[in-house]
Structure formats: structure tokens, C-alpha cells
Amino acid sequence: MDLKKTIELMNAEIASFELQSNEALESFRIRFLGSKNKIKDLFVQFKELPPDEKKELGQILNQLKKTAETRFEEAKKSVGSSKKKSGNKLDLSLPAPTELGSRHPISIVRNEVEEIFARVGFTVSEGPEIEDDWHNFSALNFPEDHPARDMQDTFFINDDFALRTHTSSVQIRVMERSNPPIRTISPGRVFRNEAISARAHCIFHQVEGLYIDKGVSFADLKQVLYYFAQELFGQDVQVRFRPSYFPFTEPSAEMDVSCNICGGKGCNICKYTGYVEILGCGMVDPSVLENCNIDSEVYSGYAFGLGIERLTMLKYGINDLRLFFENDVRFLAQFRSEG
Ligand code: PHE
């Protein structure tokens with residue numbers, strides 16, 4: 001058979017070669033592109049041709065080689081992509097493999113506290129975690145060198161700045177920049193230089209509240225806190241107020257709620273008293289109002305401050321404060337259905 005005829009036949013073979021699998025691709029490669037391929041044989045025969053035939057046949061032979069190469073590359077691509085497609089087939093009957101995240105219990109309770117106070121008209125205010133002496137202490141009636149400063153062990157940054165020890169500092173900022181009536185809560189992180197244990201931590205979260213208007217009384221304070229306790233712990237909760245001391249409120253009190261863990265019967269969480277302290281409160285000291293340019297002859301107000309960790313421990317029966325900061329997923333995953 002002459003070379004031209006052989007080339008034609010081989011062209012037809014290349015065009016009709018089934019190339020739908022990797023195995024077919026490999027036999028095609030061996031046959032037409034490998035080290036001992038058929039086309040090479042034709043080049044050997046080509047060399048023997050007389051020069052006048054070489055010109056025409058040289059071109060069609062080179063074309064044959066190119067056709068084989070292109071066919072191979074294209075088939076390789078389409079086998080690869082159809083493989084990917086079939087591997088990714090969407091099976092809608094499979095259960096969703098996604099792991100649902102959960103809110104941190106501190107966030108759940110913080111949100112709940114914010115919602116409860118929002119329902120009676122409190123806005124939310126935030127402020128810096130690094131505070132100056134004025135906003136964290138002096139404006140709140142902690143005179144310099146006064147022993148009341150030792151009530152809160154402070155992380156100092158330098159002579160002028162410290163990590164805030166409470167979010168009362170935010171309330172000073174709000175009073176400085178706005179006119180009464182003021183009704184706001186300030187949630188946020190606070191810092192105290194305490195040894196870490198099941199009952200104490202150097203970082204914790206507070207929500208402090210402030211209401212300033214004409215004629216605000218201690219009765220208003222008791223009413224809003226009783227409402228808050230009922231919303232958070234249920235209608236049957238008992239509250240009690242005990243006299244206390246804070247430099248920035250006068251009179252001052254602490255509020256206890258009946259123990260959520262034992263229902264008031266007595267347990268180790270409430271130290272067998274049936275009650276647990278949840279917050280400090282009082283009527284804003286007139287000199288604090290004056291420090292913020294609010295006329296204390298015209299306005300009065302109340303303030304309160306609570307620790308979110310304490311509330312969360314009571315609400316969920318958690319007995320170790322450190323769990324909130326360790327981010328152990330076995331602990332956190334238990335709050336999946338909440339918040
Ligand atoms: N700032 C106080 C604390 O951190 C709590 C408090 C706030 C008490 C407002 C009374 C009034 O302990």
C-alpha cells in the first residue's frame with residue numbers, strides 16, 4: 001500500500017477512535033504518540049521516498065501527527081471534567097453535614113438582659129475598655145487616696161490609664177454628653193486584678209443601668225429591678241434589698257434573688273441562705289451628677305450594676321466561672337438550642 005493511502009486510513013482511525021475513558025486514552029497514546037507509535041513508522045517509510053513526492057507527503061504526514069496530538073489533548077480534558085462532574089453529583093437526600101455553631105452563654109444572657117431593659121425604654125451605650133482615672137474613679141466620687149479605690153483591684157496601664165473595673169465609667173460618659181432624661185444600660189467587659197478561681201476571674205462582664213430624670217425615687221429603682229428579676233428568672237422569683245455602700249450612690253443597696261438552683265431551700269450555690277446576690281444599686285450621689293454638669297437640685301436618678309457571669313451561672317446551674325473562658329466545645333455545644 002502506498003504511503004498516502006496509509007496516512008488516509010490512519011487519519012480515519014484517529015478520528016473514530018473511542019476516547020471516553022482513561023484506559024482508551026492510554027491505548028490511543030501508546031498507538032499514536034508513544035515511543036514506538038504508528039506515525040513514527042510512517043516517517044521511516046517517508047525517508048525512503050524520492051524527493052519529488054516528499055514535499056506533498058511531508059505536509060500531510062505532519063498534519064497527521066498534529067491531529068493525533070490535538071485529539072488526545074481534547075479527549076483528556078473532557079474525560080477529566082466529566083469525571084469531576086460525576087464525582088460532585090448533588091444528592092439532596094443526604095442529611096446536611098454542617099455543624100451548627102452556638103452562641104456563648106454570656107452572649108445569650110447579655111442579649112436577654114438587653115431585651116428586658118429595652119422593653120421598658122432603656123437604650124444601650126458602650127464605651128472604651130481602657131479608661132482614664134476621671135471616668136473610672138474620680139467622677140464617680142472615688143477621691144484620690146480614698147480607701148474605696150481598694151474595693152476594686154485595678155490593672156493600671158500607667159499613671160493616667162487603667163483597664164476599666166466597671167462599666168459605670170460609660171455612664172459618666174453618657175451623662176457628660178447628654179441631657180436628662182437619660183435611660184440607658186451599658187453592657188461590656190471589665191477587668192479586675194483577681195486570682196482566677198471557680199468563683200472569681202480577672203475578666204468578667206457587667207451590665208450597668210442608669211436612669212436620670214425629674215423626681216426619680218428609690219421606689220422606681222425597686223420596681224424596675226423586680227420587673228427585671230421576674231422577666232429573667234420567672235414570675236415566682238423573690239427579691240430582697242440589703243443596705244450597702246458604693247461611693248457613687250446614696251443610699252446604696254444590694255439585691256438578692258431567691259436561689260434558682262434549690263428554689264430557696266438552701267444549697268451550696270446560695271451557701272444555704274436561699275438567696276443569691278446579683279447586683280449593686282442605689283440613688284446616684286448628687287455630687288456625681290454635678291461632676292457631669294447635671295443640676296442635682298432639679299434631677300435625681302438611680303443606677304445599678306450586675307455581673308453577667310453570676311446571672312448565667314444561676315440561670316443554667318453552672319458552678320465554675322472558668323468554664324466561660326476556656327472555650328471547651330463540649331461546654332459550649334450545650335447552648336446550641338438557646339439564644
Ligand atoms: N459599679 C459597681 C460595681 O462594679 C456596681 C454598681 C453600679 C453599684 C451602680 C451601684 C450602682 O461593683
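These notebook entries record what I looked up in a predicted model.

**Conventions**

I worked with a predicted model, in which local features need pLDDT of at least 70 and side-chain atom pairs count only at pLDDT 80 or more, while totals for chains, interfaces and linings use all residues. Residues are numbered from 1 along each chain as its sequence is written, and side-chain values use heavy atoms, with hydrogens and water left out.

I took helices (H or I, at least four residues) and strands (E, at least two) as DSSP runs, numbered from the N terminus.

**Entry 1: the ligand site**

I then looked up the polar side-chain atoms facing the ligand. Histidine 166 places one 3.1 Å from a ligand nitrogen, and serine 168 places one 3.0 Å from a ligand nitrogen. For arginine 192, a side-chain N or O atom is 2.9 Å from an oxygen atom of the ligand. The ligand taken alone exposes 330 Å², of which the protein buries 92% (Shrake-Rupley method, 1.4 Å probe).

**Entry 2: helix H7**

Serine 168 also belongs to the buried set of H7, so I examined that helix next, applying the definition of buried as under 20% relative accessible area, exposed as over 50%, and partly exposed as in between (1.4 Å probe, protein chains only). Helix H7 (residues 168-177) is mostly covered, with seven of its ten residues buried. These are Ser168, Ser169, Val170, Gln171, Ile172, Val174 and Met175. Their cover includes strands E2 (130-132), E4 (182-191), E5 and E9, together with helices H6 (133-136) and H9 (286-291).

**Entry 3: glutamate 309**

I looked up glutamate 309 in helix H10 (residues 308-316).

The side chain of glutamate 309 does make a polar contact of 2.7 Å with that of histidine 205. By polar contact I mean a pair of N or O atoms within 3.5 Å; within protein, one must be able to donate a hydrogen and the other to accept it, and residues adjacent in sequence count only if both atoms are side-chain atoms. Setting aside residues up to four places away in sequence, glutamate 309 touches Ile106, Phe204, His205, Leu321, Phe324 and Phe325 (contact means heavy atoms within 4.5 Å).

**Entry 4: aspartate 320**

I located aspartate 320 in the loop between H10 and helix H11 (323-326). Aspartate 320 counts as buried because its relative accessible area is 18%. Its side chain joins that of arginine 322 in a polar contact of 2.9 Å. Apart from neighbours within four places in sequence, aspartate 320 is in contact with Ser197, Ala198 and Met313.

**Entry 5: salt bridges**

A search of the whole structure gave me 14 salt bridges.

Arginine 29 pairs with glutamate 26, the closest N and O atoms being 3.0 Å apart. Both lie in helix H2 (residues 22-33), three residues apart, about one turn of the helix. Residues three or four places apart point the same way because an α-helix has 3.6 residues a turn.

Glutamate 112 forms a salt bridge with lysine 315, with closest N and O atoms 3.6 Å apart. Glutamate 112 lies in helix H5 (residues 105-118) and lysine 315 in H10, so this pair ties together parts that are 203 residues apart in sequence.

Glutamate 231 and arginine 119 meet in a salt bridge of 2.7 Å, N to O. This pair also links distant parts of the chain, 112 residues apart: glutamate 231 is in helix H8 (residues 218-233) and arginine 119 in the loop between H5 and strand E1 (123-124).

Methods:
A salt bridge is a side-chain nitrogen of Lys or Arg within 4 Å of a carboxyl oxygen of Asp or Glu.
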